[in-house]
Amino acid sequence: MSNVLSALRGRLTSASYALAWWLVCRVPESWGRWVFAKAGEIAWRRQGPGVQVLEANLRRVIGPEPSGKELRALSRAAMDSYARYWFEVFRLPVMSTERIVGDMRCVDGEERLLGTLASGRGAVLPLPHMGNWDHAGAWIIARGAPGFTTVAERLKPESLARRFFAFREGLGFEVLPATGGVQRFGVLAQRLRAGGLVCLPADRDVTGSGIEVDFFGEKARMMGGAAALAVQTGAALMPVTLWYDGPLWYAHIHEEIPVPQDGTRREKIATMTQEVARIFEAGIAAHPQDWHMLQRVFTADLDLARLAAAEARAQAADTGGERSAAEAAGADAGGPDRAALNGQVDAAALDDLAGGAPAGEGGGQP
């Protein structure tokens, strides 16, 4: 009976997403924006677990002692930005290429990235959960990038996963499922060696075996997969930060982070990931309302018992050779992990927007 109910819930969930997607692409844009803005406001007022985690993260950004009023105003702006993100994701299939390109402003790095790709060298772009990652992907393809590869969580039910995968593939993305038989690290490395582009949201650790970094004066966990790929393939590691300004979208493609000359492989990955964190920190501090982080990032907020178990697994793997070192950096952790190289789609993202997601990592902890 429970299997029947689960299957029924899955079909209803998939049908609800399909209906929402169909409606958003057909109603006047102003109506859709209003509905999503109201959903963000309701979620903010309900103070659900996702919003509480968001405020805990933002407290580190605007510290050291933000007033309650200041923090609440910022979290409200962040939820409004998060609602905008989801509205524009659903709306992307009917946005013209002219608008996607015309309303985008890249303050630095576009020519540098396209030049790197034109030379035949691959590039891996780690991003924080800021602004609109999907729009930025559609934009860089429209500007001349030959597509790119990313990794996203396999949502449930499977029909919903197929819908999101097809959506991103329709934009020109190659999407690898985060779980299943595909050896993600190997495929990504192959794409980079062929001169391709890989984009990986990387500002939170979803495996429990990521890299510990200094972030806003505290320890935090971030994915080291982007740095591991750069070390292994020679691809350019170029972090990106994204934000909104009025109706426009903005991006900054930062300069390449070089591979250190000295140190072990894992030490090089750690050093590069710390530099990525430093760039993320500056970008988030400049536009904190556009950091859509409703999941735990800082070590002090994590489940210490599960973290210790993950570290033990990482240390055991670290003795197993070069590829295991990449896994220990969070580069390719298959099996039950929610996402090895975390894509933007989160199974509970719209539940978070409605204020109903469970506490923890958007429905689960590493």
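Between which two helices is the loop that holds Gly-63 found? In this predicted model, Gly-63 belongs to the loop between α3 (49-62) and α4 (68-91). Along the chain Gly-63 and Gly-217 are 154 residues apart, while their C-alpha atoms are separated by 9.7 Å.

**The chain as a whole**

The protein chain contains 14 helices and 10 strands, and of its 366 residues 55% are buried. Among the contacts with a separation of 6 or more, those between residues 24 or more positions apart account for 79%. The accessible surface comes to about 15000 Å², and carbon and sulfur atoms hold 54% of that area.

**Helix α6 and its surroundings**

Helix α6 covers residues 110-118, and its buried residues are Glu-110, Leu-113, Thr-116 and Leu-117. When the helix is viewed down its axis, these buried residues fall within an arc of 135°, and they therefore line one face of α6. Glu-111 and Ala-118, on the other side of α6, are exposed. The buried residues of the helix pack against the strands β1 (104-108), β2 (123-127), β5 (197-201), β8 (236-237) and β10 (248-253), and also against α7. After α6 comes Gly-120, whose phi is positive, near 95°.

**Aromatic rings**

The structure holds 11 aromatic pairs. One of them joins Trp-133 and Phe-173, whose ring centres are 5.9 Å apart and whose planes stand at 75°, so the pair is edge-to-face. Since Trp-133 lies in helix α7 (residues 133-142) and Phe-173 in strand β4 (residues 173-177), the pair ties together parts that are 40 residues apart in sequence. Trp-133 and Phe-173 are both buried. Elsewhere, ring pairs link Phe-36, Tyr-85, Trp-86, Phe-87 and Phe-90 into a cluster. A ring also takes part in an arrangement with a charge, in that the charged end of Arg-84 sits over the ring of Tyr-244, 3.8 Å from its centre.

**Two residues of helix α11**

Helix α11 spans residues 265-286 and includes Arg-265, and Gly-283 lies in the helix as well. Arg-265 has a relative accessible area of 16% and is counted as buried because this value is under 20%. The side chain of Arg-265 is joined to that of Gln-232 by a polar contact of 3.0 Å. Gly-283, with a relative accessible area of 12%, is likewise buried, since its value too is under 20%. If residues up to four places away in sequence are not counted, Gly-283 touches Met-130 and Thr-241. Of these two, Thr-241 is 42 residues from Gly-283 in sequence, and the C-alpha to C-alpha distance between them is 5.9 Å.

| Residue | Relative accessible area | Class |
|---|---|---|
| Arg-265 | 16% | buried |
| Gly-283 | 12% | buried |

Note on methods. Residues numbered from 1 in each chain as written. Predicted model: local features only at pLDDT ≥ 70, side-chain atom pairs only at ≥ 80, totals over all residues. Heavy atoms only, no water. Helix = DSSP H or I, 4+ residues; strand = E, 2+ residues; numbered from the N terminus. Buried < 20%, exposed > 50% of the residue type's maximum accessible area, 1.4 Å probe, protein only. Polar contact = N/O pair within 3.5 Å; in protein donor to acceptor, adjacent residues only side chain to side chain. Contact = heavy atoms within 4.5 Å. Areas by Shrake-Rupley, 256 points an atom, 1.4 Å probe, with all protein chains shown as cover. Phe/Tyr/Trp six-rings, centres within 6.5 Å; stacked < 30°, edge-to-face > 60°. Lys NZ or Arg CZ within 6 Å of the ring centre and 35° of its normal. Arc of directions from axis to C-beta.
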